[in-house]
Amino acid sequence: MDNQSCGSEFLLLGLHSWTEKQDLYYALFLTMYLTTVLGNLLIILLIRLDSRLHTPMYFFLSHLALTDVSFSSVTAPKMLFNMQTQNQSISYAGCVSQVYFFIYFGCLDSLLLTSMAYDRYVAICHPLHYTTIMSQSLCFLLVTVSWVLSCAGALSHTLLLIHSMKGENHSRVSEFLLLGLPIPPEQKDLFFALFLAMYLTTVLGNLLIILLIRLDSRLHTPMYFFLSHLAFTDISFSSVTVPRMLMSMQTLDQSIPYAECISQMYFFIFFTDLDSFLLTSMAYDRYVAICHPLHYTTIMREGLCCLLVVVSWVLSCASALSHTLLLAQLSFCADNTVPHFFCDLGALLKLSCSDTSINELVIFTVGVAVITVPLMCILISYGRIGATILKVPSTKGICKALSTCGSHLSVVSLYYGAIIGLYFVPSSSTSNDKDAIASVLYTVVTPLMNPFIYSLRNRDMKGALEKLFYRATGSSQ
């Protein structure tokens, strides 16, 4: 906007007091940076290649090495570039992104060092129980929590920074109004009870899936490893939007603060993308299981499974962050009414009085990367599975394939069918109501259906559920 006081770029003064020895310091810092990168990459490579180093301590060390490479790469390359070109400018988006990743990897370093300290404490103070306490699941949990907490910490600082950097004469809103679902007032209590029951069923059902997978050793396989992450994602996905919607229906308060709205949009995009990547990983797992059964344990090893999940989290974080940073720069004028039950990116862009062409370009580009490409990978995987089955057609083979892939294929159809219906089917005159109702399908109904699909269509899950039931009833007696 013309009346917005803000800078489009910043000037980094750098190490200006050392200008007379700049070439010397350039060579020094370049050497230090390359040594940092190559040294830490060597640590990661050695840990990956030597089976004797596949222990909790070196697991944390490999993550610390990756973090140190990333931490240095946030600042050093830009500093070296400025020293060489004498160009001190950095764009607004580049500066904010640098702040985010600097805080992110700084926090991650701290949390990983804490995890390593705990590992050393257990190894020295409880050596007989070390292997039991420092189990693979606990190590993975500590690393995942470190990544998530670092992401949340960096995001909170970044959003507050963006909000404070806008000029005082910048026309902006302090809150939005969520109109919610087009429900008649006399039926609000009925729909409140319905959505509350659906949300509680979603949370409890997916928690039950995670519990069954953790307790039953027969389910400690790659497919159920991905399924446990999908169940956790579905709980988080529903929790981003449904509790807020239920609170608004009960209190009739439709307002949501600006910061909370942006945060809700971030986590909604984050878990949407994470769902997509996890479904793709599960499709690849099914492809290997059916098309390369003899090499399944070799291909779908523990390291690859962990890598697929970590990459899914990182890519989802990057995607959500790109949309959030671009949206936070937009101006919002008089109209602050969102015709939705949550802060949807598309609905917020329609309210902005700034130029949203860059945002729309990023939506298209990132959308191809996180929705279209995974969907194509899933279709290719199932195409190869179908071709493999048809080569040696038999009733037993078809039944085995349906047993192996049926649950996953049902979830994929439900998830992507809702997204395609919402974003690719032409809108009518009542597009706002249609968007809100269609969003319910993949934000509320899909996470709700997943536990039922995997419980009713999967023999292993039913067996684990029966085993847990008998254990519970036996202990109670």
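**A tour of rings, a helix and a core**

A search of the whole structure, which is a predicted model, finds 24 aromatic pairs. Start with one of them.

Select F101 and F105. Their rings are stacked, with centres 6.3 Å apart and 20° between the planes. Why can these two meet? They sit 4 residues apart in helix α3, so about one helical turn separates them. Now colour by accessibility. F101 is partly exposed, at 30% relative accessible area. F105 has 10%, and counts as buried because the cut-off is under 20%.

Next, select Y266 and F267. Here the ring centres lie 5.0 Å apart and the planes stand at 90°, so this pair is edge-to-face. Which of the two is buried? Y266 is, with a relative accessible area of 0%. F267 is partly exposed, at 29%.

Go back to helix α3 and select residues 92–125. The helix has 34 residues, and at 1.5 Å a residue it should span 50 Å. Its end C-alpha atoms are 50 Å apart, so the two values agree. Then select S91 and G94. S91 caps the N-terminal end of α3, with a side-chain oxygen 3.1 Å from the backbone nitrogen of G94.

Finish in the largest nonpolar core, which has 120 residues. Helix α8, residues 258–291, supplies the largest share, 19 residues. Among the residues with the most contacts inside the core are Y266 and F176. Select F176. What does it touch beyond its neighbours within four places in sequence? Its contacts include Q254, Y258, F332, V338 and L351.

How values were computed
Residues numbered from 1 in each chain as written. Predicted model: local features only at pLDDT ≥ 70, side-chain atom pairs only at ≥ 80, totals over all residues. Heavy atoms only, no water. Core = buried A, V, L, I, M, F, W, Y, C linked by side-chain atoms within 4.5 Å. Buried < 20%, exposed > 50% of the residue type's maximum accessible area, 1.4 Å probe, protein only. Helix = DSSP H or I, 4+ residues; strand = E, 2+ residues; numbered from the N terminus. Contact = heavy atoms within 4.5 Å. Expected span 1.5 Å × (residues − 1). Polar contact = N/O pair within 3.5 Å; in protein donor to acceptor, adjacent residues only side chain to side chain. Phe/Tyr/Trp six-rings, centres within 6.5 Å; stacked < 30°, edge-to-face > 60°.
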